[in-house]
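Trainee: Let's go through the labels on this model. I want to hear what stands behind each one.

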Amino acid sequence: MISISKNQLALRNGQDKPDIWIAYKGKIYDVGNSRLWKNGKHYEHWAGQDLTEELEDAPHNENVFDKFEPIGYLI
């Protein structure tokens, strides 16, 4: 698995590069195949960010990440 910084993650927002990645609890997930992350946006959330703290306000729990294999770690 890869290790990337927050700055590197920020480029994987579906806009600057075709990759659509997010971080949660230190792990990086590629959500590019999810229809819910089309163009790097999921409701009021943008890809390329650490969404750990934002999950508290989500209508779902962390089990939503079970659909995705982690591809790396946030450093």
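Mentor: Each label below is set against its cut-off.

Mentor: First, the ground rules. This is a predicted model, where local features need pLDDT of at least 70, side-chain atom pairs count only at pLDDT 80 or more, and totals for chains, interfaces and linings use all residues. Residues are numbered from 1 along each chain as its sequence is written, and side-chain values use heavy atoms, with hydrogens and water left out.

Trainee: Why is Gln-15 called exposed?

Mentor: Buried means under 20% relative accessible area, exposed over 50%, and partly exposed in between, with a 1.4 Å probe and protein chains only. Gln-15 has a relative accessible area of 51%, so it is exposed.

Trainee: Why does Arg-12 count as buried?

Mentor: Its relative accessibility is 17%, so Arg-12 falls under the 20% limit.

Trainee: What makes the Asp-19 and Arg-12 pair a salt bridge?

Mentor: The term requires a side-chain nitrogen of Lys or Arg within 4 Å of a carboxyl oxygen of Asp or Glu. Here the closest N and O atoms are 3.6 Å apart, so the pair qualifies. A search of the whole structure finds 1 salt bridge.

Trainee: What else is Arg-12 in contact with?

Mentor: Contact means heavy atoms within 4.5 Å. Leaving aside neighbours within four places in sequence, the partners of Arg-12 include Lys-17, Ile-20, Trp-21, Ala-47 and Gly-48. Arg-12 is found in the loop between α1 and β2.

Trainee: Where is Gln-15, and which residues does it touch?

Mentor: Gln-15 is in the loop between α1 (6-10) and β2. Helices (H or I, at least four residues) and strands (E, at least two) are DSSP runs, numbered from the N terminus. Not counting residues up to four places away in sequence, Gln-15 touches Asn-39 and Trp-46.

Trainee: What makes the Gln-15 side chain and the backbone oxygen of Asn-39 a polar contact?

Mentor: A polar contact is a pair of N or O atoms within 3.5 Å; within protein, one must be able to donate a hydrogen and the other to accept it, and residues adjacent in sequence count only if both atoms are side-chain atoms. The side chain of Gln-15 reaches that oxygen at 2.7 Å, so the distance passes.

Trainee: How do you know that β2 and β3 pair?

Mentor: Pairing takes at least two DSSP bridges between two strands. β2 and β3 (residues 27-30) have 4, in the antiparallel sense, so they pair. Trp-21 stands opposite Asp-30 in β3.
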